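Please keep the sequence and the coordinates at hand while reading.

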Amino acid sequence: LVCRIITTAVSLVPTAIFPHRHWIISAQITRTSPTNITSPRPLQISHIKMSVSTISTPKAMNAIKSFFAADAAAMPLHWIYDYDKSTKLLGGNKMLHSPAFFSTPSCPFYDSTQFPGHYNLGDASPYGEEAKLFLDFLVSNHGKFTNGNDFAQYTLEWAKGYTGRKNGWLKEFEKNMTQLTENGETNVYPSCGANDAEAILSPKVVFLAAICYGSDSKTDYLNKVEEAVRTHQNNQLALDVALSFGKILWRAMEGGSLEESIQAGKDDSPQHIIDAIDQACTYRKFDTSQDLIEHYTDLCKEYGSTATLPPGLPPHLAPIMLKACGLPQSFTVSLKLILDAESANDSSESDDDTFTRSVEQNIVFGGDCCGRNAFIVGIQSALGKELPRAWYEKTRLMDEVETQCRVFRGKTP
């Protein structure tokens with residue numbers, strides 16, 4: 001697989017690599033085997049009984065809604081790796097403070113012409129559409145995560161009717177499920193999961209925190225995280241990041257500060273996850289006067305000069321590794337951007353807008369901004385922060401998402 005990826009990558013321009021391939025820099029990979037189950041029923045929210053898992057706090061439910069708002073805000077500038085292109089689109093540095101909901105969707109890898117009915121202004125990115133799949137699954141089960149086998153079958157049926165851009169993990173998942181079915185397998189979890197170490201895991205961790213906190217133990221929550229993640233990504237690095245992220249969210253929802261919560265992500269985590277978190281703290285930007293693009297460019301060059309690159313990757317592509325879809329760098333950058341927003345807020349006399357700032361700076365950072373969103377949204381929401389209501393109003397999925405959250409909570413959000 002890696003050789004095939006590298007061969008393809010060498011023939012492509014830099015911006016055409018990471019959204020299409022799995023780049024695993026320092027993963028310890030474990031695999032098992034995949035297959036399918038029963039067709040999910042179409043969602044009929046009004047008919048779902050209220051014997052549901054309860055979201056106990058407004059900030060937990062806010063995390064779900066804020067994810068979709070942030071995803072729609074970032075979608076127009078998703079997967080742009082060239083800072084010259086992004087700054088030109090934004091009209092130069094004077095407009096870099098407001099990249100959210102950029103008026104012209106400009107992702108080089110998908111658009112509404114290629115995928116009719118998708119990716120117009122206000123729509124979800126492919127990551128957002130995949131996250132909506134998980135939310136639909138939870139709602140169909142009255143706000144509960146049942147098991148990996150059920151989720152695998154639900155995903156397979158969803159994929160059959162999905163007309164948006166299929167990411168690499170989904171294509172591999174479908175292939176695994178087909179093979180398992182042909183082999184007569186009935187217990188498909190976790191073999192159905194793709195050998196994928198990218199950031200698609202993060203919305204699952206956020207949504208499960210929203211429905212588990214206050215009703216489940218932390219151990220039960222993390223067990224559900226593992227099963228949900230492995231259903232789609234049967235990869236040890238992805239799981240390690242997911243569990244660390246889950247610990248961060250749990251501590252924040254308990255009332256921990258940002259720094260305390262991030263430190264909680266190190267608890268019982270492998271050394272490579274501890275290193276990724278420490279790197280985020282090292283990358284924290286305290287000089288708020290420095291130009292963002294200059295800072296991000298320097299950081300990407302620094303990372304590219306020291307990162308262990310996949311065999312065969314052209315060295316000139318190294319500087320864009322930090323902006324790419326892969327783990328752990330997507331996790332590292334997300335934490336760094338949250339810390340940056342906190343630093344900027346500490347030096348500002350204006351009201352606290354660290355949530356908005358961190359999402360906007362994530363878009364400006366470039367590359368896989370939509371992949372990083374859930375890390376940022378989950379932590380900021382767990383800390384009690386909120387995005388502007390105007391963002392909700394610009395998000396096409398929001399009415400449906402709010403209805404689903406109402407089902408979870410049993411009353412109007």
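## A residue in α14

Is Q361 buried or exposed? The model is a predicted one, and in it Q361 has a relative accessible area of 14%, which is under the 20% limit for a buried residue, so Q361 counts as buried.

Q361 belongs to helix α14, which covers residues 354-365. Leaving aside residues up to four places away in sequence, Q361 is in contact with L292, Y296, L337 and D340. Of these partners, D340 is also among the α13 residues that meet α11, and that pair of helices is taken up next.

Helix α13 runs over residues 329-346, and its 18 residues reach 26 Å from the first C-alpha to the last, close to the 26 Å expected at 1.5 Å a residue. The helix is mostly covered, with 17 of its 18 residues buried.

Two packed helices are described by the angle between their axes and the distance between the axes. For α11 (residues 271-283) and α13, the angle is about 40 degrees and the axes lie 8 Å apart, while the crossing of α11 past α13 is right-handed. The contact is made by A276, I277, Q279, A280, C281 and Y283 on the α11 side, which meet F331, T332, L335, K336, L339 and D340 on the α13 side. Sorted by class, this contact between α11 and α13 comprises 8 nonpolar, 2 polar and 2 charged residues.

## A loop residue, S125

S125 is located in the loop between α3 (83-89) and α4 (126-140). How large is the relative accessible area of S125? The value is 0%, and because the limit for a buried residue is 20%, S125 is classed as buried.

Around S125, and again not counting residues up to four places away in sequence, the contacts are D71, M75, H78, Y110, Y119 and C370. A74 lies 51 residues from S125 in sequence, and the two are 8.1 Å apart in space, C-alpha to C-alpha.

## The protein as a whole

The protein contains 17 helices and 0 strands, and of its 413 residues 60% count as buried. Among contacts between residues at least 6 apart in sequence, 76% join residues at least 24 apart.

Terms used
Residues numbered from 1 in each chain as written. Predicted model: local features only at pLDDT ≥ 70, side-chain atom pairs only at ≥ 80, totals over all residues. Heavy atoms only, no water. Helix = DSSP H or I, 4+ residues; strand = E, 2+ residues; numbered from the N terminus. Buried < 20%, exposed > 50% of the residue type's maximum accessible area, 1.4 Å probe, protein only. Contact = heavy atoms within 4.5 Å. Expected span 1.5 Å × (residues − 1). Axes fitted to C-alpha atoms, helices over the stretch in contact; angles between N-to-C directions. Left-handed = near helix turned anticlockwise from the far one by under 90°. Nonpolar A, V, L, I, M, F, W, Y, C, P; charged D, E, K, R; others polar.
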